Amino acid sequence: MNWERVWLLATRLGVVACVGIASLVAAGKLDDAVAIFDFRADLYAAATYRERTYPASPWVAGSARVMEDARLWMPEDAAYRVIHGPDYTPAASSGFEHHFLLGLLLPRAQTQSESSRWVFCYGCSQLSLGERYEVLSDSGNGFVFARRRS
Amino acid sequence: MTVRALGGLLVFNLFVLGVGAGLLWGIRGWRWWIDLVRLAGVAYLLGLASLMILLTFEMVVGIPLGVATVVVSGVVLAVVGILVGRARGHSLPALGQARRLPGLSLFAALFVAGIVVYLEALVRADRLAGIVREWDGWAFWMPRAESIYFFGRLEPEFVETLAQPSGYPPGLSTIQASTFHAMGSADTASVHVQYWFLAVAFVAAVAGLLARRVHHAILFPLLLLLLVAPSLLERVTTVYADVPLGYLIGVAALLFVLWLEDRKTWQLAAATILLAGAMLTKREGLLFAACVLLAALAASWSERGRLWPRLVGAGVVAFALTLPWRIWFTAHGLRSDAPDSGYLGAFDHLDRIWPSLELVVTTLFDRDLWRLVPFVAVAAIVLALAARAWNVAVFAGAFTALAIAGATWAIWANPTLTITQDDAGNPIVRITGTTILTLGILAPLLLQRAWSARKGDPNATSHGIRLGPDALIWRSRAAWAIVALGVLSHPGSMLVGYSGSGLPGGAPRYPGAADCVAAPASGRSVRVVVGYADSYLEADAIRGRALEAGLPVAEVEQDGCGRLRVFVDDVPTVDASQALVTDAQAAGLEPTLELDPND
């Protein structure tokens with residue numbers, strides 16, 4: 001028996017098996033892949049501006065309405081601060097809210113400066129912010145956007 | 001999400017292709033234009049990687065990234081390529097064989113058509129995708145790209161506030177910022193379509209490099225198998241860097257293998273640029289570039305005296321191209337892209353080695369994530385070894401082992417990562433994606449070598465495609481009709497407006513401000529909208545003008561589509577609104593009537 005030929009044949013059978021299995025799986029799952037893409041496309045097409053812009057995610061605490069108000073209030077060269085008020089409960093927020101605001105509000109700058117004119121506050125109310133600030137948008141559950149009175 | 005944005009993206013990507021074509025002509029040249037068509041994917045990735053390298057360098061030395069910078073940089077790269085090509089004596093390409101379409105078997109044509117349908121479905125999914133479901137997208141990648149877009153540079157203070165280490169490489173962000181310029185705005189939805197261009201380029205690069213070496217009956221089914229891997233489906237539309245990294249590393253690895261077989265300088269040069277691009281795409285790029293280079297060293301052991309200096313040189317050049325960025329973030333005292341525990345601190349956490357290795361191996365061979373891709377790849381390595389196709393088999397085997405070791409180290413050396421496949425606690429699935437993409441495109445070459453190599457044959461690595469008379473069905477140019485059917489599938493169903501086949505019917509939708517306008521209805525209350533504004537300042541001005549015109553005090557509220565609506569509410573009927581409309585028009589406003597939703 002020519003073992004070299006047997007070896008070659010076995011190798012080629014292995015190649016045929018690999019290609020055969022790959023072909024069956026690839027062809028069989030193409031439909032699923034297209035369905036997944038189409039499902040996502042339909043989902044995105046049906047989404048509203050707000051659903052597309054503001055995550056309904058526990059990672060981003062805060063009201064979409066307040067964040068949208070802030071975007072519409074602040075000029076593009078503004079700087080804002082994110083603070084936590086007396087009623088802030090970490091459980092209600094992941095602590096990543098300032099990361100979301102960072103991208104959403106560009107080119108506005110996030111700052112630590114206390115002299116910042118614009119402020120987001122978690123766990124706040126007009127009372128806790130004091131007279132120095134005018135609340136421009138209030139989520140009703142402690143997330144507010146305010147402007148320092150000049 | 002506009003036609004303008006999509007048009008800008010198309011122009012930008014043609015520009016990237018042009019840049020890459022110039023460079024490819026410089027390092028390779030081509031006799032026929034059809035060669036450029038065949039290698040368009042490689043050219044595109046070359047253009048992309050070289051733009052990343054140059055734009056990063058320019059940012060580091062203080063040149064602001066704007067439209068002019070991107071255009072001039074691309075033109076300079078293309079011109080350098082052309083000058084190098086002329087110096088090397090490359091002749092201008094001719095049409096020649098371009099008139100002849102290569103034959104395709106019916107079997108292969110079905111899979112090519114499948115890939116086309118896949119890519120058409122992908123562009124639909126990309127077009128309106130938002131970043132709100134993509135944590136790293138909104139927390140890191142998009143803010144950084146937007147920052148470069150708005151300010152033309154990376155502010156150290158800004159990158160320090162982001163969710164990832166501030167020394168994270170910025171190459172991909174420079175490309176994302178360039179796409180924002182091309183689209184005319186920081187459109188974080190349409191930027192997903194950029195990832196479609198990357199996917200197309202990857203598929204085209206693999207097909208272009210392998211189509212003449214690997215029988216189509218092997219190549220296209222395996223390529224489709226890779227594309228339908230569940231984890232890739234999940235991530236191919238996200239604006240992260242993991243999948244682009246996989247594209248660059250995979251094609252670079254393929255070019256290294258081809259260089260080991262052909263020894264053509266352009267293959268090594270192109271692979272070097274792609275590796276540098278990968279290192280600037282994501283911090284794992286450095287790790288995978290090392291895996292690719294070490295695998296190439298292992299595969300060329302028998303010729304180490306002749307090949308290793310060139311391979312080491314390629315590695316040094318690739319790393320040197322990323323050095324300006326490393327110098328920049330070190331000079332600014334930013335947190336480096338090293339693991340949490342530092343490069344040596346991992347030895348304080350030896351208890352994590354085994355769980356990390358176990359996680360990496362189980363993730364690599366997880367059928368729910370990758371279906372059969374890793375299994376076929378391992379089988380292909382074994383078969384290629386059995387056929388003594390040493391170069392590609394040793395390369396793929398060594399790469400697999402090194403990638404497993406590297407990923408284990410990445411998990412082990414970051415003690416903050418929990419040992420889980422859950423993306424919220426550990427990026428192992430995304431890291432493994434690069435290994436899978438690389439093995440997935442090496443597998444067709446491995447199987448081809450296993451088929452065509454003969455024991456004791458001195459030409460065991462020859463490129464002849466000897467797969468019998470032809471697999472399943474003879475080649476014919478008529479088989480391209482099946483591919484054409486695939487190309488026309490999505491546009492056809494849209495034109496006909498029929499969605500019963502599972503493909504979308506009707507024209508694509510472009511969401512816009514008009515979605516938030518409700519038409520008035522007779523007999524129902526209406527609003528007289530005196531204007532829309534993009535800020536409260538602007539809305540106040542419109543309200544003031546309306547008041548001066550004698551209208552009642554107008555209300556201002558969000559319209560739900562990103563603008564502010566300034567309107568007089570509670571007008572009982574359309575007829576009753578006419579006086580208000582006339583007054584507003586007299587004041588130079590452009591009033592419209594809308595349905596009062598509170599009616």
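A residue is called buried here if 20 or more other C-beta atoms lie within 10 Å of its own, and exposed if 12 or fewer do. By that rule 7 of the 8 residues of strand β1 of chain B, which spans residues 526-533, are buried, so the strand is largely enclosed by the rest of the structure. The model described in this report is a predicted one.

**Strand pairing in chain B**

Strand β1(B) pairs in the antiparallel sense with strand β3 of chain B, residues 564-571, and it also runs antiparallel to strand β4 of chain B, residues 592-595. The table sets out these two pairings, each with one of its residue pairs.

| Strands | Bridges | One bridge pair |
|---|---|---|
| β1(B) and β3(B) | 6 bridges | G531(B) with V566(B) |
| β1(B) and β4(B) | 4 bridges | V528(B) with L593(B) |

In a regular strand the side chains alternate between the two faces of the sheet.

In soluble globular proteins, nonpolar side chains tend to be buried together. The largest nonpolar core in this model has 231 residues, and V292(B) and L446(B) are the residues with the most contacts inside it. Helix α9 of chain B, residues 191-210, gives this core its largest share, which amounts to 16 residues. When its neighbours within four places in sequence are left aside, V292(B) is in contact with I249(B), A252(B), A253(B), F256(B), L275(B) and F399(B). There is also a second, separate core of 20 residues, and among its members are I542(B), V568(B), V571(B) and V581(B).

**An exposed position in chain B**

V316(B) belongs to helix α15 of chain B, which covers residues 304-331. Because V316(B) has 12 C-beta neighbours inside 10 Å, it counts as exposed. The C-alpha atom of V316(B) is separated by 28 Å from that of L446(B), a residue 130 places away along the chain, and L446(B) is one of the two residues with the most contacts inside the largest core.

**Chain A**

Chain A is divided into domain 1, residues 3-46, and domain 2, residues 57-148, and the C-alpha centres of these two domains lie 50 Å apart. Helix α1 of chain A likewise runs over residues 3-46, and its 44 residues reach 64 Å from the first C-alpha to the last, which is close to the 64 Å expected at 1.5 Å a residue.

Conventions: Residues are numbered from 1 along each chain as its sequence is written. Chains are lettered from A and ligands numbered from 1 in the order in which they are written. This is a predicted model: local features need pLDDT of at least 70, side-chain atom pairs count only at pLDDT 80 or more; totals for chains, interfaces and linings use all residues. Domain bounds come from an automatic or database domain assignment. Helices (H or I, at least four residues) and strands (E, at least two) are DSSP runs, numbered from the N terminus. The expected span of a helix is 1.5 Å times one less than its number of residues. Two strands pair if DSSP finds at least two bridges between them. A nonpolar core is a set of buried Ala, Val, Leu, Ile, Met, Phe, Trp, Tyr and Cys residues joined through C-beta atoms within 7 Å. Two residues are in contact if their C-beta atoms, placed from the backbone, lie within 7 Å.
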